[in-house]
There are 2 protein chains.
Amino acid sequence: MTRDTWILEDEGPAAAAKYETLFALANGYRCLRGENPFLATERGGSFIAGVFDKSDAQVLELVNAPDPQGLKVYLDYEAVQANEEGAKNYKRTLDMERGLVESAIVFKSKTGNILELRHEKFVSIANVHRWAERITFKALNFSRRILMESTIDGTGCNAVGHPLDCAKHYEVSGTHGFKPGICLSAVTNERRIEIAEASVIACEDQGACLNLLRLRQGRESITEVYELKLEQGREVTVWRFGATFCSRETPGFLAGACERELASFRKDGYCGELSAHEKAWHKKWDAIDVRIEGDDLAQRSLRFNLFHLASSAPSGDSRSSIGAKGLHGEGYKGHVFWDTETFMFPFFLHTQAEVARDLLLYRFMTLEGARANAAASGCQGARFAWESADDGIETTPRWGVDYAGNHVRIWTGDIEVHINADISYAILAYYRATGDRVFMKDYGLQMLLEIARFWAGFVKADTHGKSFSIKNVIGPDEFHEHVDDNAYTNYLVRWAFGKTLEIAGDFENESPDSFAAIMERSGTAKLEFRRWKEVSEGLLLPKDEDTGVIEQFSGYFGLKEYPIREWDENDMPIWPAGLDVSKLGETTLIKQPDVVMLFAMLPEEFPRESKIVNYDFYEARTMHKSSLSPSIYSMVGLSLGKTSHAYRYFLTSIRTDLDDNQGNASLGIHAASMGGAWQSAVFGFGGFSLDAKGIPQFDPWLPEEWTSLSYAVKVGRAELRVRVSRESIRVESDMSLKVVVAGREIMLESGTPGTFPVAKCD
Amino acid sequence: MTRDTWILEDEGPAAAAKYETLFALANGYRCLRGENPFLATERGGSFIAGVFDKSDAQVLELVNAPDPQGLKVYLDYEAVQANEEGAKNYKRTLDMERGLVESAIVFKSKTGNILELRHEKFVSIANVHRWAERITFKALNFSRRILMESTIDGTGCNAVGHPLDCAKHYEVSGTHGFKPGICLSAVTNERRIEIAEASVIACEDQGACLNLLRLRQGRESITEVYELKLEQGREVTVWRFGATFCSRETPGFLAGACERELASFRKDGYCGELSAHEKAWHKKWDAIDVRIEGDDLAQRSLRFNLFHLASSAPSGDSRSSIGAKGLHGEGYKGHVFWDTETFMFPFFLHTQAEVARDLLLYRFMTLEGARANAAASGCQGARFAWESADDGIETTPRWGVDYAGNHVRIWTGDIEVHINADISYAILAYYRATGDRVFMKDYGLQMLLEIARFWAGFVKADTHGKSFSIKNVIGPDEFHEHVDDNAYTNYLVRWAFGKTLEIAGDFENESPDSFAAIMERSGTAKLEFRRWKEVSEGLLLPKDEDTGVIEQFSGYFGLKEYPIREWDENDMPIWPAGLDVSKLGETTLIKQPDVVMLFAMLPEEFPRESKIVNYDFYEARTMHKSSLSPSIYSMVGLSLGKTSHAYRYFLTSIRTDLDDNQGNASLGIHAASMGGAWQSAVFGFGGFSLDAKGIPQFDPWLPEEWTSLSYAVKVGRAELRVRVSRESIRVESDMSLKVVVAGREIMLESGTPGTFPVAKCD
């Protein structure tokens, strides 16, 4: 395994906005966009988890907070810039193993002086309030002072450059010059959340060559200017220490907290903090890494997905979750979608179950909002928001822009109700994998019950009251709006009803006191259970009895066919000729898997033959206009022996942001696609699954390019380490447990690896 | 004469900063930098004559005021930008005849919609508080709304991008939304000058397709967003009306003044104001134009010089003058130098004498500051500032950066005293050309006396008290600092002493009461006159008696010679090899004419033979590192029959900003070089001069390329129109007067042109 597969290189100034996402550094508490210290910012930003505001925006959005990263170096009064004539040997890399970004540049001023610079930045995952930079200067052919300008910028806003959508969500409440050191405080407009950013520059030689020359306090920014005296040939290193606090977690006067933190940070030193940060990453990688031998491109790309997904996870804070774009940008306004439970959740569940628990707790914290959403649609129980911000109230914008640039009504917030079933699914998956009965008692079962109460009121009975429909919804395939009886929704709702009743029964039998308390908290009467059973059994599940194809929704089979005949350079389908993209709902083309999604989530519920028929039918009609699509086709395909497209889909999936194949990487990472990438690697190629009883199964398959695939998964309290080579599968567990490898049931002894011949290989 | 010689075309986005100067529009009251409506601003700005502030800058500087020009057009949510892929047929031109900038672009959005835009801007010279734009839209292949964003930006500062020098000179004191219409008020930090900028957008169809959608009020900016509904193929025109007021000239609540002005501007209409503006330019061009037939490049370039120089002139405001960079940028901090009196003044004197008078009145208004400067150097009388802002106190920065990038002490403010003699010279030239005795009585003579008083105290007597020196000065050639007895200074001081005594004598004889009052105002006692005469007669004028070369200063002949052997592509000398540019003072190389400058200003004071010897000697040592240099060599050369270099120097001079041959056109125009260009054209090629008695003389010479040269000059109350062809000189006057043409004295009858054979031609 080469070190190279940990390193990602920047493509240079032309792709600056994209790399501000790709090189963003996050620690769950906050994210600093990957602003290039040697380029003007394109889409800069600093985001703090859970800090949402509405101001004059359409809906609540993740606040693009004051940005502490402003840094400029001036040589002979010229700013050192990577896109200027004097710039040479420019290089910038993301080191995923160590969690830092390194830049280097050699800059020649118009007066002929040549300066060599190296820059390193990290956002500590050991102490989430800290971030820092190390800058090394070497004057190659001169001895003279240079200038360095450090700025905390509070002039920014969300959706900069969008005349109607741009919104400034905070007021700068004060600037403080510590001389040296600067601090800027702000408070959000509606939620009144306070934020303080501070930084200070220090030099390894105790200031002998570093002097603070000027402090500039603007209305919405603060800057300090240092001179640094360089001598030809001698390297000088300076550090910028950064501290960030927010009233969500820190009480009191935040500028004071910043000042104290900067002092203790300086005492601990840059190297001290960096070392703690690297150790924490080492530990994290040990849990999450998936190793691919023989395919460096796939290895590096997959790690890129895992790095950012892991960086996005809340750091012990159950009041926030992961937005569709991580903490990495303004895309989807920082909102939490089904993406979290359906695509990202399995990764955390099987590598860091405590994070998975926090993600579910976030939903529990928003129950009040979910009840309000249900009430707004005339139902009891809980209806979790399709787009969720800080309080669970539905925050989907009502207006947007379609593929043709038209101003269109967005219906997802009104009718994409499957989110409720997705959350039930995640709670149940968590319970199956961890057996965490305390969670189920305190939070899980209550949510399942409140969700079930919603469905019971939301379904429509036919005139006989025997069969039930879920009408006027949007399924995962958003090309078709206002459909009745979407297969994905109906199947998942029915399944969740069954599981909810089952677990409720268990609790009633085993802990009647707890059960009574849960029933009371959720407002559920035992009487309701009979109705739930009727609804569940009577829910319509349309299917073509001749072909076995499950109809995606009532009437889908009658839509117009537009066969896909062309693919772009990324192997993504091209819109068929003659199609009107504003009328996709009239065609059988779909955005992403809907029926096929069920096979990924509930494999045991469908016979293999049915899965094959449906996979073939729907794959041919999928435009993959969601980044969530390819990974699912890869993974489900592998489970069905359809290996020919699996690697192509996998590569498309793990390259989503790297190749920017959705065209919007600058707005943040595709966090769900990253979760899908892990699922595709571990569930798909790694062949890992849990059966209905929670017993681990391994049935791997390796693409031609790969010599081996290794990963770790947690099941209950056990950690399993798996290595698949072309010859064998090796499974090791730190606890004794039963596993099924390539169809054979085996009792694994703790610490004694079992090695088994390969069942299938390319 | 083709229309083409009135039009200047932009070189495109790469040269944006330069064209923000070249396409700046000014009316003497204010200047709006030539910001491209389809490009992000590089060095934007808005300047109002006389609005200086210091704040935390090194010295008082012309304030880069709130900028009302922010304009963005969004097609399908993409900003229309000239440097984007979708931009086609981009063109921007300055129409000097009409005083406006026109832009055109065709922009294709990523969704395929194509929009054609035409944009026109003018800053009215008919009503200096008004500026306006006309924007014409045509949707070529779609029908849909587009968005337009109009901003008044108060976030800017002076010296943006300079970490130590940048300074914000005002606070935004309020923003006002008129709905429609926006206004931003600001007040400067020290001088407490209030400024208000306002604008509103209106549509020719009375708003049927234009709607105000949003008003955004930031802490330091205000923006309004309009939608404009376009129908395929139909042209729609909108106007932006702008109004600007400042407490220097307007009392009361400025935002109210803006609102009223916008209302009356809308009533007058865009076309109404444009027509008044064009008429005013037509009248101005009639007075100032110099027509060259046969050489379109020279014609267009020369007009460019006259256009901006005329635009910079104070509009009836004798409290401000013209900075070295016009009103067009931040270069030289908006300060007024000798450039105004020595280079620009003759142009105004002979085309718009009322402006020349205002320029001198500005100096009179700063007399108190000049007295303080004199007192600070231990002298009586007046010492006008080398760099002057609003009050005449010396404002030269004490520190700057040299050619090698070193931080160096600037001595000009301390010792470049010849400015005082230059002002005397301009007063005397004004008096000779206009005979304006009222001016001389009220202002001119008082200034001459106070200047003379300064010199009388500033000179140093030798031990015998017979000869006098002016020690430790800088002459026009700034390569040599701390020199004694600079020829330019000493000759001009001596000459001014003589003229001052002469005019004082006249006044004493003819208007003894006025004379007594003037003497009292200037604090002069008659006794002082004897000392002045002694000083004047005893001032050292060093010269080599063998060669006849006037020594530029004591000891110059002993300096090291570095012969100039190479010239760059603009025919400008290249630093000789082996030279240390930080030690220019040790060489005979000079920056610009010093001795030769005297021949331009006082031709009658030197014999022709002496002029030739000195011209040859100094031209060979001149690096032309000032834009003021080539025009003087051109003009003096022509008077000496040295025609071979005259055209080359002339072209260099008129192309200074167009070719950016000093490398700093982005910081403002080279206003002195523009004055020099006119002098070179009219005094040099046109052969116009006044003899010591004020009698007009014409002795023209045409370069090979030219078929004719025409110009108008004012002498006293007479306006003379001159046309020089290869065969003859035609002179016409609106008053009868005596002229000398090619050495022959002639009595010109009013309205009867005289035509004379050519004396010399190439």
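Let's start where the two chains meet: 17 residue pairs are in polar contact between chain A and chain B, both residues at pLDDT 80 or more. A polar contact here is a pair of N or O atoms within 3.5 Å; within protein, one must be able to donate a hydrogen and the other to accept it, and residues adjacent in sequence count only if both atoms are side-chain atoms.

Which strands of chain A supply at least two residues each to the side that touches chain B? They are β13 (144-153), β14 (170-177) and β17 (210-217). β13(A) gives the largest share, 4 residues. Helices (H or I, at least four residues) and strands (E, at least two) are DSSP runs, numbered from the N terminus. By class, this side of chain A has 13 nonpolar, 5 polar and 10 charged residues. Ala, Val, Leu, Ile, Met, Phe, Trp, Tyr, Cys and Pro count as nonpolar, Asp, Glu, Lys and Arg as charged, and the others, Gly among them, as polar.

A quick word on the source. This is a predicted model, where local features need pLDDT of at least 70, side-chain atom pairs count only at pLDDT 80 or more, and totals for chains, interfaces and linings use all residues. Residues are numbered from 1 along each chain as its sequence is written, chains are lettered from A and ligands numbered from 1 in the order in which they are written, and side-chain values use heavy atoms, with hydrogens and water left out.

Back to the interface. On chain A, 28 residues are in contact with 28 residues of chain B, contact meaning heavy atoms within 4.5 Å. The area buried between the chains is about 2500 Å². Carbon and sulfur atoms give 50% of that. Buried area is the accessible area (1.4 Å probe) that two parts lose on being put together, summed over both. In chain A, Pro163(A), Leu164(A) and Arg219(A) lose the most area to chain B. Together they account for 29% of what that side buries.

Now salt bridges. The count between chain A and chain B is 4. The rule is a side-chain nitrogen of Lys or Arg within 4 Å of a carboxyl oxygen of Asp or Glu. Asp56(A) and Arg214(B) meet in a salt bridge, at 3.0 Å, N to O. Over all chains, the search finds 94 salt bridges. Take Arg721(A) and Asp286(A), with their closest N and O atoms 3.1 Å apart.

On a 1 Å grid over the protein atoms alone, a cavity is a set of points where a 1.4 Å probe fits but cannot get out, and a pocket is an open set with protein on both sides within 12 Å along at least five of seven lines; lining residues have an atom within 4 Å of a point. Grid points are joined across faces, edges and corners, and a volume is the space filled by probe spheres set on the points.

The largest cavity holds about 140 Å³. Its lining has 19 residues, and Gly50(A), Phe52(A), Ser321(A), Gly323(A) and Gly334(A) lie nearest its centre. By class, that lining has 9 nonpolar, 8 polar and 2 charged residues.

The second largest cavity comes to about 100 Å³. Of its 15 lining residues, Gly50(B), Phe52(B), Ser321(B), Gly323(B) and Gly334(B) are the closest to the centre. This lining has 8 nonpolar, 7 polar and no charged residues.

On to the second largest pocket, with a volume of about 1200 Å³. It is lined by 49 residues. Nearest its centre lie Arg432(A), Pro603(A), Glu604(A), Ser689(A) and Leu690(A). Helix α5 (residues 338-351) of chain A gives the most to this lining, 6 residues. The classes are 26 nonpolar, 10 polar and 13 charged.

Last, some backbone details. The peptide bond from Lys179(A) to Pro180(A) is cis, with omega near 5°. Pro180(A) sits in the loop between β14 and β15 (182-188) of chain A. In chain B, a cis peptide bond joins Lys179(B) and Pro180(B), with omega about 0°. Ser55(A) is not a glycine, yet has a positive phi of about 45°. Ser55(A) lies in the loop between β5 (52-53) and β6 (61-62) of chain A.
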